[in-house]
Amino acid sequence: MSETIYLLYILSFVLGSILGLVMSYKKYKAPYAIGNVDILALISAVVGWFMVLNSILIPFIAPYITITIGVFLLALVLGMRPGYGRNETFIGIIIAGMIWIIRTVIL
Amino acid sequence: MANILLNVLIAFLMGSILFGLQRKIMARIQMRPGPPVIQHLLHTFKFFVKESSFPKTAAMPFYIAITAMLCVIWVSAVIVGPVTQGSLLLIFAIYALHKIVEHNAGSSSGSPYGKLSCVRAVFSAAAEVPLFAVLIIIYFKTGTMDLSQIIGFQTTNGPLIYSIPLAAAMFFVLILSKAPYSPFAITKGKDIISGYETEHFGLLRGYLMISESIAWYMLLWVFLTVFIGGLNPLMYLVGMVILSTVVAFINATTPILNPNHSIMMQASLALIGVVGSLILLL
């Protein structure tokens with residue numbers, strides 16, 4: 001059973017990455033972006049990383065569903081065309097990581 | 001059957017993503033944006049929709065059969081490993097077969113690049129097979145070659161990486177030699193284009209790439225299982241990402257070695273590993 005769930009996560013990651021790649025190539029024409037933050041990508045990254053690291057905070061949905069959706073959302077940003085999505089991913093990891101630390105270490 | 005399919009699919013997808021991750025990390029170290037993490041996977045899929053052409057010099061039907069053989073041996077490794085947790089000796093036999101298939105894939109196309117890679121495959125087997133044989137140290141330590149019993153041994157006595165670290169280091173060198181762009185990857189050195197894969201196009205190349213992804217996953221799986229112990233899927237994932245990252249750092253900062261130097265270095269490391277581990281066991 002656990003292996004099936006991990007396959008689900010992997011497939012979710014692959015689909016998210018492919019979709020992120022296709023969408024970012026349509027959205028951005030410049031080969032490399034420096035310093036710009038895409039608000040939609042940022043929201044997707046923050047929500048995605050939050051759902052993966054803090055799935056326990058959403059008790060009304062089964063954790064594996066939350067994580068699958070989270071992996072899909074973070075992969076959308078992580079899989080963007082080269083040069084894009086880096087800053088958004090880092091911000092997402094930092095915010096979700098801070099919530100995880102507050103939840104597990106401090107509280 | 002469903003369990004086999006499930007594990008093969010996980011091995012293929014994870015192996016491909018880890019290869020992609022490796023390329024991404026290497027690119028960032030070299031100050032390049034690098035390809036997306038799923039590039040290797042997309043590459044594999046791409047070959048399945050490309051036209052398959054066959055060189056006039058190819059030795060048919062061997063040229064086609066060899067790609068299926070490579071797939072079959074690594075699917076067998078998944079069955080022996082994660083599915084049934086069988087004997088480590090079988091995994092060793094599968095690795096030895098992999099070297100033979102590498103050799104034959106190169107020679108079957110008739111291409112000079114393939115032939116040179118074929119010669120290098122035999123050459124490198126002289127060093128890589130002894131490196132894999134370092135696993136015999138595990139038998140001396142645990143008294144078994146059965147994967148499930150080795151996991152059981154580590155549950156009671158702690159991970160083997162602490163008691164036989166040199167054997168773990170030697171196995172890591174073997175893993176390194178199977179990574180693309182590694183200093184020991186002489187069978188696929190860029191001086192011979194893509195080595196034994198140079199003249200395999202379309203569908204056949206797709207099968208070769210699937211096999212390589214499964215092989216990478218399996219080598220990491222064997223390392224983690226044999227030297228760390230039975231882990232849950234999440235810890236396997238973390239372990240594989242860490243190992244792939246370390247390999248990426250080494251590959252990004254080290255040039256490919258001359259075949260003679262590569263073999264001598266691997267053989268020397270294998271000797272140090274075996275002798276050193278035996279001394280530590282005494």
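Leaving aside neighbours within four places in sequence, Trp216(B) is in contact with Gly15(B), Leu18(B), Phe19(B) and Lys178(B), where contact means that the C-beta atoms of two residues, placed from the backbone, lie within 7 Å. This is a predicted model, in which local features need pLDDT of at least 70 and side-chain atom pairs count only at pLDDT 80 or more, while totals for chains, interfaces and linings use all residues. Residues are numbered from 1 along each chain as its sequence is written, and chains are lettered from A and ligands numbered from 1 in the order in which they are written.

**Confidence**

- The average pLDDT of chain B is 86, and 100% of its residues score at least 70; pLDDT is the predictor's confidence in each residue, from 0 to 100.
- For the complex, the predictor gives an ipTM of 0.86 and a pTM of 0.91.

- Trp216(B) lies in helix α10 of chain B; helices (H or I, at least four residues) are DSSP runs, numbered from the N terminus.
- Trp216(B) counts as buried because it has 28 C-beta neighbours inside 10 Å; the term requires 20 or more other C-beta atoms within 10 Å of a residue's own, whereas an exposed residue has 12 or fewer and a partly exposed one falls in between.
- The largest nonpolar core has 106 residues, and Met218(B) and Leu74(A) are among those with the most contacts inside it. Such a core is a set of buried Ala, Val, Leu, Ile, Met, Phe, Trp, Tyr and Cys residues joined through C-beta atoms within 7 Å.
- Helix α10(B) gives the most to this core, with 17 residues.

**Helix α11 of chain B**

- The 21 residues of helix α11 (residues 233-253) should span 30 Å at 1.5 Å a residue, which agrees with the 30 Å between its end C-alpha atoms; the expected span is 1.5 Å times one less than the number of residues.
- The buried residues of α11(B) include Tyr236(B), Met240(B) and Leu243(B).
- Seen down the axis, the buried residues of α11(B) fall within an arc of 145°, so they line one face of the helix; the arc is that of the directions from the helix axis to the C-beta atoms.
- Leu234(B), Ile242(B) and Thr253(B) are exposed on the other side of α11(B).

**Contact between the chains**

- In chain B, 14 residues are in contact with 15 residues of chain A.
- Helix α1 (residues 2-29) of chain B gives the most to the side that touches chain A, with six residues.

Definitions and conventions:
Helix = DSSP H or I, 4+ residues; strand = E, 2+ residues; numbered from the N terminus.
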